[in-house]
Amino acid sequence: MPHAFRVTLEALDEASGAPTGRRVHTDIVNHDDLFDIIEKISARGVVPAKEATEFAIGLKLFTEVLLRHRKDAPFAELQPHIGAFMKRLKSAPAAAQSRA
């Protein structure tokens, strides 16, 4: 069952953290619930906790596009490597992946 999301990216001033006014958003469909994936990545300790959301969203957005274009260059070259990476990521024991 596909899941629909809206992704918004808003630029912030590096010094103050205030929005700069630059913003883009896109509506996407993903075969996974991205909130579930963020929770799984966070719980498994794949990356430091402060990077878990960034990693999960980036990986899932990229791999969804890769799946749609897996037979097209240059995605066809990447697909086997990303597939192997995803299998290792999903099969590694959580304790072995724990990071502070």
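Helices (H or I, at least four residues) and strands (E, at least two) are DSSP runs, numbered from the N terminus. On that basis the chain reads β-β-α-α-α-α along its sequence. That gives four helices and two strands. The model is predicted, so local features need pLDDT of at least 70 and side-chain atom pairs count only at pLDDT 80 or more, while totals for chains, interfaces and linings use all residues. Residues are numbered from 1 along each chain as its sequence is written, and side-chain values use heavy atoms, with hydrogens and water left out.

The C-alpha atoms fill a box of roughly 40 × 35 × 25 Å, taken along the principal axes. The chain has 100 residues, and 22% of them count as buried (under 20% relative accessible area; exposed is over 50%, partly exposed in between; 1.4 Å probe, protein chains only). Contact means heavy atoms within 4.5 Å. Among contacts with a separation of 6 or more, 49% link residues 24 or more positions apart.

Now the strands. Two strands pair if DSSP finds at least two bridges between them. Strand β1 (residues 3-12) and strand β2 (residues 19-30) run antiparallel and are joined by nine bridges.

Next comes the core. A nonpolar core is a set of buried Ala, Val, Leu, Ile, Met, Phe, Trp, Tyr and Cys residues joined through side-chain atoms within 4.5 Å. The largest one here has 12 residues: I37, I38, I41, V46, V47, A52, A56, L59, L66, I82, M86 and L89. The elements giving two or more residues to this core are α1, α2 and α3. α2 gives the most, with four. Which residues does I82 touch, not counting those up to four places away in sequence? They are F62, T63 and L66.

Finally, the open spaces. On a 1 Å grid over the protein atoms alone, a cavity is a set of points where a 1.4 Å probe fits but cannot get out, and a pocket is an open set with protein on both sides within 12 Å along at least five of seven lines; lining residues have an atom within 4 Å of a point. Grid points are joined across faces, edges and corners, and a volume is the space filled by probe spheres set on the points.

The largest pocket holds about 230 Å³. α1 (34-44), α2 (52-68) and α3 (75-91) each give two or more residues to its lining. α1 supplies the largest share, four residues. By class, this lining has seven nonpolar, no polar and five charged residues (Ala, Val, Leu, Ile, Met, Phe, Trp, Tyr, Cys and Pro count as nonpolar, Asp, Glu, Lys and Arg as charged, and the others, Gly among them, as polar).

The second largest pocket holds about 190 Å³. Of its 13 lining residues, T63, L67, I82, M86 and K90 are the closest to its centre. Here α2 and α3 are the elements that give two or more residues. α3 gives the most, with six.
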